Every structure is written in structure tokens, then in C-alpha cells.
Amino acid sequence: MFLAWGSYLNSLGYRLLHLNSFFQRRSFCPSCKKIIAWYDNLPIVSWFNLRGQCRSCKQPISWLYPFIEIISTLLFALLYNYTEAHYFPAYFIFFSALIVTIRTDLDQMLISRYVTLYLVPIAYLATVYNQLPLSCSMAIIGSLFGYFLLWCAKTISKALLGQDGMGQGDLELLAMIGAFTGPLGCWVALTIGSFLGTIITLIIMAIRQQRIVKIPFGPYLAAGAIFFVLLQPACISYFSI
Ligand SMILES: [Zn+2]
């Protein structure tokens, strides 16, 4: 079931990037536009079966498809096992939004508001009905804190480097993360995200032998938020010492 949902999140990510195909119901090849048969559209299996190529035009199919399907299955299974049952629905929406963000940011360096800013009120609502382990005021503070933190980072980097180091989408993503996890979750997501992002950027720079590489920040923030939710009890005891 989680696998099928992961596969749906993939197509949702694709459709958010190409809004004109939003209402098309059948999946099709992005290169030759041919409708994909059901047996070539099975999660994970088909990608490996086709060796990552379209059956008719032989254009490569992005590795993001199996990657997103695998991480969705893994993350939802972990979420199901490690969170309290009554928090599952709200976290399910949160994780789905983060996965779509990872997909679109890795693909096109774009983050859609449909899976960030527009979900902030849903987080507030979930706290009111005790569907998240934080109060509504903490959710509101968390979202403002997240937006403000990255707004400062963006403004400072612009003043020092004279260029935008960060996209508007990152600000809205951290606002959404703050709404679902509060100011602490926001801070942990940013700390882990920056740490991961720095290490991976250095590795990419070393491999490509380039001084400047442009990498999306969204997936790292999302990974930080996922760590926080899954390891929340441990995080809270560690950071409150
Ligand atoms: Zn094709």
C-alpha cells in the first residue's frame, strides 16, 4: 500500500511541475508522450525491468521514480511503526508533502506551494484536534520561526555574496516544517539539513572538480524534518540538556 502511494507521489510531483498534465489520468512517457501500459507502470519492478528506458522511444526514465518509491515505502513503514497511532494521519500528510518536495526539488529545483505553504493551516488544525504532539501556538510560532530563520539567511547571503543563495521555496518549506514540528523541530531540521547539505555538496564538488555547484536545499531540510519526527523522543531529551 505504501509503495503504491509512493508511486502516486511521484506522479503528483511530476504533475505539480507540469501543471498542464495535472488532469490527465493515465501516465505517459515525458519524451514521446506515449501512454504507458499498466505492466510498464508497476512501482519499482517496471523501472528495473525496462532498465530505466521507455519501451517505445528508449529515452532514459529518471532514477527518481524507483528512488522515490523505495524511500516512500521505507519512510511510511517506519512512521507507522514508530509514531503513536493517533498522530499517524497528520504525519502521513506531512511526510507525503516532504517526499513530493524532495522529488520536485531534485528534479527541477522547484518547490511547490501546494505541498508547503498551503499545508500550514492543516497543521494548525491538526494541533487543535490533538492530532500532532504540539500546541497550536507552538505550531504557529514554529512556522513563523522557520520562515524568519531562512529569510535572515537569505538576506545575509544576499548582502555578503550579492546573490540569492536560497529560493523562496526553501523559506516556505521550513515554515511548513515548523508548523508540523514546532520551533524545536524547525531548528533540528535546519541543523541536520545544513550539515547533510554541506557534506554532500563538498563530496559533489570533489567528484566534479568544481568550485561552485548549485544544489537544491529542500531535500536536506526535508531529510532533517523526517529525522526529527522519527527520532523525536531521542531528539527532545538530547537538545533539552
Ligand atoms: Zn517514450
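**Exercise 1. Determine which residues of helix 1 and helix 4 meet, and describe how the two helices cross.**

Solution. In this predicted model, local features need pLDDT of at least 70, side-chain atom pairs count only at pLDDT 80 or more, and totals for chains, interfaces and linings use all residues. Residues are numbered from 1 along each chain as its sequence is written, and side-chain values use heavy atoms, with hydrogens and water left out.

Step 1: taking contact as heavy atoms within 4.5 Å, helix 1 contributes F2, W5, L9, N10, L12, G13, Y14, L16 and L17, which meet F88, F92, S96, I99, V100, R103, T104, D107 and Q108 of helix 4. Helices here are DSSP runs (H or I, at least four residues), numbered from the N terminus.

Step 2: sorted by class, this contact holds 11 nonpolar, 5 polar and 2 charged residues, where Ala, Val, Leu, Ile, Met, Phe, Trp, Tyr, Cys and Pro count as nonpolar, Asp, Glu, Lys and Arg as charged, and the others, Gly among them, as polar.

Step 3: helix 1 (residues 2-17) packs against helix 4 at about 50°, the axes lying 9 Å apart, and helix 1 is therefore oblique to helix 4. Axes are lines fitted to C-alpha atoms over the stretch in contact, with angles from 0 to 180 degrees between N-to-C directions; under 35 degrees counts as roughly parallel, over 145 as roughly antiparallel, 65 to 115 as roughly perpendicular and the rest as oblique.

**Exercise 2. Work out how helix 3 is oriented relative to helix 4.**

Solution. Step 1: the axes of helix 3 (residues 64-82) and helix 4 (residues 88-108) come within 11 Å and cross at roughly 160°.

Step 2: the two helices are therefore roughly antiparallel to each other, and their contact residues comprise 16 nonpolar, 2 polar and 2 charged.

**Exercise 3. Identify the protein donors of the zinc ion and the arrangement they form.**

Solution. Step 1: the donors (N, O and S atoms within 2.8 Å of the metal, or 3.2 Å for Na, K and Ca) are the SG atoms of C29, C32, C54 and C57, lying 2.3 Å from the zinc ion.

Step 2: along the chain, these donors follow the spacing C-x2-C-x21-C-x2-C.

Step 3: the 4 donor atoms subtend angles of 105 to 118°, so the arrangement is tetrahedral, a term that requires all angles of four donors to lie between 85 and 135 degrees.

How values were computed
Four donors count as tetrahedral if all angles lie between 85 and 135 degrees; four count as square planar and six as octahedral if opposite donors are over 155 degrees apart and all others between 65 and 115; anything else is irregular.
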